[in-house]
2 protein chains.
Amino acid sequence: MSNISALNKAFESRVRLGIMSILLVNEWVDYKEIKASLDLTDGNLASHITGLEKFGYIEVRKRFIGKKTNTSYQITALGKQAFNKHINALEKLINNL
Amino acid sequence: MSNISALNKAFESRVRLGIMSILLVNEWVDYKEIKASLDLTDGNLASHITGLEKFGYIEVRKRFIGKKTNTSYQITALGKQAFNKHINALEKLINNL
């Protein structure tokens, strides 16, 4: 009937779906841009970003722009592969409805 | 960029996606059938079913078949509406990738 085992628990939450969707179609994206576009609190975004980093699905870049620190994120090859697999499984589930 | 607010937190877990997908396309479905088709433990299935019942998205029917009790579930009109909205939002998110 319904194959949910191909769905990846790491991408269950809406926030993580949102983060991965943004990073899948963009190079390096600023923390502030992700926060604004998903309309999140710092605490909420930071906890999900840490989770995705632990899986190796996204990577961080910290640098100075002028005197200010700048933090941005990018999807990894592993992240791209895992997220595409998750999206395909979601599509299969939806198409069976 | 990415609109996740239309996604429903009640359907965030794979198990709930699986339960709602099965109930969306079937009348009354036995507890045992849901459990087998999603390959779940009793504890895992029961907790998610309780959660979906609390939202009013599914309803339970308990009856005797011969001497044995039989428990089955059905999606409610509210559940159908909410789940279809969630699926549409997922499709929009996926199509923007």
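Modeller: Gladly! This is a predicted model. Let's start where the chains meet: across the interface of chain B and chain A, the rule finds four residue pairs in polar contact, both partners being at pLDDT 80 or more.

Biologist: Which helices of chain B supply at least two residues each to the side that touches chain A?

Modeller: Helix H1 (14-24), helix H2 (31-38) and helix H4 (77-95) of chain B each do. H1(B) gives the most, with seven residues. The residues on that side of chain B divide into 15 nonpolar, nine polar and five charged.

Biologist: And how many residues are in contact between the two chains?

Modeller: On chain B there are 29, in contact with 28 residues of chain A. The area buried between the chains is about 2,600 Å², and carbon and sulfur atoms give 74% of that area.

Biologist: Why is the pair A:Arg14 and B:Glu12 called a salt bridge?

Modeller: The closest N and O atoms of A:Arg14 and B:Glu12 are 3.5 Å apart. The cut-off is a side-chain nitrogen of Lys or Arg within 4 Å of a carboxyl oxygen of Asp or Glu, so the pair A:Arg14 and B:Glu12 qualifies.

Biologist: What makes A:Asp39 exposed?

Modeller: Its relative accessibility is 69%. Exposed means over 50%, so A:Asp39 counts as exposed. A:Asp39 lies in the loop between helix H2 (31-38) and helix H3 (42-54) of chain A.

Biologist: What is the phi of A:Asp39?

Modeller: The phi of A:Asp39 is positive, about 55°, although this residue is not a glycine. Most residues other than glycine have a negative phi. B:Asp39 also has a positive phi of about 55°, and B:Asp39 is exposed, with a relative accessible area of 69%.

Biologist: Finally, in what order do the elements of chain A run?

Modeller: From the N terminus on, they run α-β-α-α-β-β-α, which comes to four helices and three strands. Of the 97 residues of chain A, 46% count as buried.

Methods
Residues numbered from 1 in each chain as written. Chains lettered and ligands numbered in written order. Predicted model: local features only at pLDDT ≥ 70, side-chain atom pairs only at ≥ 80, totals over all residues. Heavy atoms only, no water. Contact = heavy atoms within 4.5 Å. Buried area = accessible area lost by both parts, 1.4 Å probe. Polar contact = N/O pair within 3.5 Å; in protein donor to acceptor, adjacent residues only side chain to side chain. Nonpolar A, V, L, I, M, F, W, Y, C, P; charged D, E, K, R; others polar. Buried < 20%, exposed > 50% of the residue type's maximum accessible area, 1.4 Å probe, protein only.
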